Amino acid sequence: MDLSYTAEEDEFRARLREWLGKVLPTLPAKPSPDDWPGRRAYDCGWQRMLYDAGYGHVHWDASPTTRLIFLEETEKAGAPYVGANFVGLLHAGPTIAAEGTPEQRERWLPPVLRGDEVWCQGFSEPDAGSDLASLRTRALRDGDDYVVSGSKIWTSHAEVADWCELLVRTDPAAPKHRGISWLAMPMSAAGITVRPLRTLAGSAEFAEVFLDEVRVPVGNRVGDENDGWRVTMVTLSFERGTAFVGEVVACRRVLGELAVEARRNGRWDDPGIRRQLGRLNAEFRALWRLTQWNVSEAEASGGVPGVGGSVFKLRYSHARQELYDAAADVLGPDSLDLERPWVLDRLSSLSYTIAAGTSQIQQNIVAERILGLPKGR
Amino acid sequence: MRFQLTGEQKALRAAVRGVVGRWSGAGRWGLVAQFPAPLIDRGFWGALGELGVFSLRLPEVDGGAGLGLPEAVLVFEELGWALVPGPLVATHLAAGVVPGAATGETVVAAADGSLVEWLDEADVVLPGAEGAVALRSVDPLTPLHRVPAAARTDPVAVLLTAAEQLGTAARVCALAVQHARTREQFGQAIGGFQAVKHLCARSLVRVEVARAAVYAAAVTGDAVDIAAARLLADEAALRGARDCLQVHGGMGFTWESEVHLHLKRAWVRARRGGGDTESEEVLAADLLAQAG
């Protein structure tokens, strides 16, 4: 067991840190959360800067440890979050890289890396959220096209996306996990309507997408027809395995800021508050160690991250909510003022035990796939 | 960074598991029958000594294996898993200080927090046990005395206690899963019911988080990391044993099932020095120290 880094990794960290120190002050001001075109431009501008500096590929072909260092350093320096490029860089990109044809990789991967094209995720449906395999959006073959009809929901970045990683049912007669295909759908196609949804945090964070006989070329299918479920599992393992590294670093920073605020406003003298913050320190330290453990494991096995990501996600999503609940205890009545820091974060943290598979679904995955308990209802 | 077990570390863990597994398999709960005055099995204590449980961190010139905290933590996790009784941490810390401790010839007890485990059975008590009063111990496999003044706790003792708790946490998770797979109710294995499934899944999550914290603290030896490891390992053992008992249903509430022994041992260890309040204060102070 070793927590030290190689000379090469240390050098990467130093170089990255120096570059961040130079470029971050040159970034424009962050757009407001409701300004999606502004957010897209800002996030893509940042991706372009990373690309030009040679860091654009880091999510894809750097070693897991190098990626860990990248996420740790960018978060510590306060660099922009991956933002509107989340789906392209962390879901669709890795999936196309793993499962796409050479032509598909050539068509779709470079624009993602350069920050030229933004992707959104068309997986969930009103009747198929956590039970994803129940999805009903259908794609009928018509010559060289699929004709797609149905609707998707919880689609982040849909208004500004160029492409959608879309799951469709291509064989309605097959058992529900079979008969699904993975398509890259151009968001400019005729028949697509996007209706933004307002979240409980007050902003339009995601959207409903209605599909009315949208034509998608058969050549846009990644993987075999009716093999989309397997392709999707590849995507989801990326999401659960590596998506939260930067956020753990961010939570540790917030926790430090909370302690400082508690000392300033006198709440630190309350042993209950103090001990609660101490316990959260243990929590996020351990989650960071678990991250290092999982990354080392991925590096040793050389493969796609495994279901161990579910273990991490279960604990992290709750810890994040506890962190912002603690923030509310530190702030007292000010925790009800939307102008105060951490209040919006507290609201958005409520999604963490729901998004990307609810905690209940994750617990089923851990129980059935890791502990080997029988499938049941 | 290669935060995974090395081949040697896996081999060490397997060797310890073999020896303590044979013991706990054979004479298993024989000591329970001796309640209320359990005895230390001196032969087995010597076997632990031979295995290097007490001497493994001593330099080779002093008859040890010259290993470090990561190896010690793996060994104590196995001891916790097998519910090995006796003042294991105290004797390990006395190796190289008290003659015979390293080899397992001498049993060493120590005041830790405001309690002494195994006082009457020990050959040596550190730093002494003035005014010790016997308790009727809740754990039938750990006799306890209370001492008037709380002793200072060595961070290594806090870490090794965390490792034992981790072993217990892993064991009770495995016992719960085993029962959930085999026990049938309403015509199916109870592990097929989500309510039971989720108890088991949450138990595993606590084990995995605690394990990452305990192993990392063993690598860094840092006092704040140790405090974090202890908090999470205590939680994983205490909560896990409760949930294991719940999964066992009525059987879990009986003396015949071993579940209560794991829970009671976890309770005893949680009262050793460096427990929740102390660790939380260490971790809280660290937040301000980091902020400057």
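Buried here means under 20% relative accessible area, exposed over 50%, and partly exposed in between, with a 1.4 Å probe and protein chains only. The model is predicted: local features need pLDDT of at least 70, side-chain atom pairs count only at pLDDT 80 or more, and totals for chains, interfaces and linings use all residues. Residues are numbered from 1 along each chain as its sequence is written, chains are lettered from A and ligands numbered from 1 in the order in which they are written, and side-chain values use heavy atoms, with hydrogens and water left out.

**Stop 1: chain A as a whole**

Select chain A and show the cartoon. There are 12 helices and 8 strands in chain A; helices (H or I, at least four residues) and strands (E, at least two) are DSSP runs, numbered from the N terminus. The radius of gyration of chain A is 21 Å, close to the 21 Å that the globule rule gives for 377 residues, so chain A is as compact as a globular protein of that length. That radius is taken over C-alpha atoms, and the rule is 2.2 Å times the number of residues to the power 0.38. The C-alpha trace of chain A spans about 70 × 45 × 45 Å along its principal axes. Of the 377 residues in chain A, 57% are buried.

**Stop 2: strand β1 of chain A**

Select residues 119-122 of chain A, strand β1. In a regular strand the side chains alternate between the two faces of the sheet. Here both faces are covered: Trp119(A) and Gln121(A) are buried on one side, Cys120(A) and Gly122(A) on the other.

Two strands pair if DSSP finds at least two bridges between them.

**Stop 3**

Move to Pro172(A), in the loop between β4 and β5 (180-186) of chain A. Pro172(A) is exposed, with a relative accessible area of 67%. Then pick Arg138(A): the C-alpha atoms of Pro172(A) and Arg138(A) are 7.9 Å apart in space, and the two residues are 34 apart in sequence.

**Stop 4: the sheet in chain B**

Switch to chain B, where 4 strands form an open sheet in the order β2-β1-β4-β3, with mixed pairing. The edge strands of chain B are β2 (124-126) and β3 (133-134), each pairing on one side only. Select residues 108-117, strand β1 of chain B, which pairs with β2(B) in the parallel sense over 3 bridges. Finish at Ala110(B), whose bridge partner in β2(B) is Leu126(B).
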